[in-house]
Amino acid sequence: MFPRDFAWGAATAAYQIEGGWQADGRGASIWDTFSHGTGRVFGDHSGDVACNSYELWEEDLKCILQLGLTHYRLSVSWARLLPDGTTQHVNHKGVQYYNKVIDDLLAAHVSPVVTLYHFDLPQALQDQGGWKSSNIASFFNSYAQFCFQTFGDRVKLWITINEPYVCAKLGHEDGIHAPGLKEPGVAAYLVGHNMLRAHALAWHSYDKIFRPKQKGLVSLALNSDWLEALDPDCAEDIAATQRHFAFTLGWFASPVFVTGDYPEVMRTVIEANSQKYGYTGESRLPFFSKDEPAILGTADFFALNYYTSRKVTSASGLFDKLSMKSDQDVQDVLDPSWPISGVSWLAVVPDGLRKLLNYIKKNFGDPAIHITENGFAQVGQLQMEDVQRAEFYKQTISEVAKAITEDGVNVRGYFAWSLMDNFEWADGYSARFGLFHVDFSDEKRTRTIYHSGKEYAKLIKKYSS
């Protein structure tokens, strides 16, 4: 049912779990700055301490071993390794920390999957323009080369950038993630472009300099909902669904996997709306330079973060000013039959994942796919006997099995989000996605396995034996 070498994992990210925000020479990141402002994060929570994994890594490892994971996805903190964002100043305590994490995982026969960038840009680079600056791509490439050089003898699966769509839109259009910019219809496309340039430079660096000896694989993690027309017989809804896919998954997957450029519909719509709203600057959707390494083909596998599904209908010009919303011109609709998991946006639709896997197989060249995030949130009163979440994992993994055995999709791994409850960005600690509960009121940050964690461990044992 699942390949013998299938990756069974769980995922975390540095800012969400590590804490130690000023420990041992770590530099500030944009999430430190953002969360220290008032009214930006639920309850004015921050990642200053989080799960305190910087001091409690051994506790995390116990959780990983208790689940029986074969793989563990973590991110390294750019600001912990390179406090000012550049290789001119290396923080050796940071290097030591990640060396220990990687070595301990390997000693326990768990393969590390390392993300270089999971939302936490060094503040020093944000002060120079951040992801809006064209220079960011070379800064990122230097950082990536440093990590490949330092850890690549032991790390064989790399993610350059996690969810560029979220970084671009939530951080630079909506302003609800760090760095908190609201520049509708302009900044997000520029940021997305520079993230793709940065990714491509890093992939080419790995391919030329490190791959011959290290023999690893490099990709970027793209988030996508499954989308389907609200009325499957309505041509407008079908077109809206295709447009929605183009502006979300296609925005990043088309340049990397299909054409080396953005989807045609993005170019035509954005150009038309620029004229309509009297925007006279350079094209809002930048062009890839022939003088830089090609973006096409810069992923050795498809890394997918999937959480939920939506029905789609045309917005019919409802949004009437320059913005990503007016460019997309779509409205998302929740099917009332879909249960909601804690947070309002997360409708539980396990078979949406199977449909999305088939969509990727069909439209992006039948790639090897790692599901690098998938999870279910709990809010409000703590429930250690989280039967709903356990059932969610059972159903979802069953849908992945069908995609493999019945549909022939080349799925190579599945990573639950998350190993443990953590700092969920603008939701702070109010949303709990963990397989382990973390008691944030306790200095020891005690980790306790949820019912769903026990059930996930059983599923891993069942499918990998």
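In which strand is proline 112 found, and what surrounds that residue?

Author: This is a predicted model, in which local features need pLDDT of at least 70 and side-chain atom pairs count only at pLDDT 80 or more, while totals for chains, interfaces and linings use all residues. Residues are numbered from 1 along each chain as its sequence is written, and side-chain values use heavy atoms, with hydrogens and water left out.

Proline 112 belongs to strand 3, which covers residues 111–117; strands here are DSSP runs of E with at least two residues, numbered from the N terminus, as helices are runs of H or I with at least four. With a relative accessible area of 4%, proline 112 is buried, a word that stands for under 20%, against over 50% for exposed and partly exposed in between, using a 1.4 Å probe and protein chains only. If neighbours within four places in sequence are set aside, proline 112 is in contact with Tyr72, Leu74, Ile102, Leu105, Leu106, Arg154, Val155 and Leu157, where contact means heavy atoms within 4.5 Å. Glycine 434, by comparison, is 322 residues from proline 112 in sequence, and their C-alpha atoms are 19 Å apart in space.

As for cysteines, the count of disulfides (pairs of cysteine sulfur atoms within 2.5 Å) comes to 0. Cysteine 147 is in no disulfide, since the nearest cysteine sulfur, in cysteine 167, lies 16 Å away, too far for a bond. Cysteine 147 is buried at 0% relative accessibility, and cysteine 167 is also buried, at 8%.
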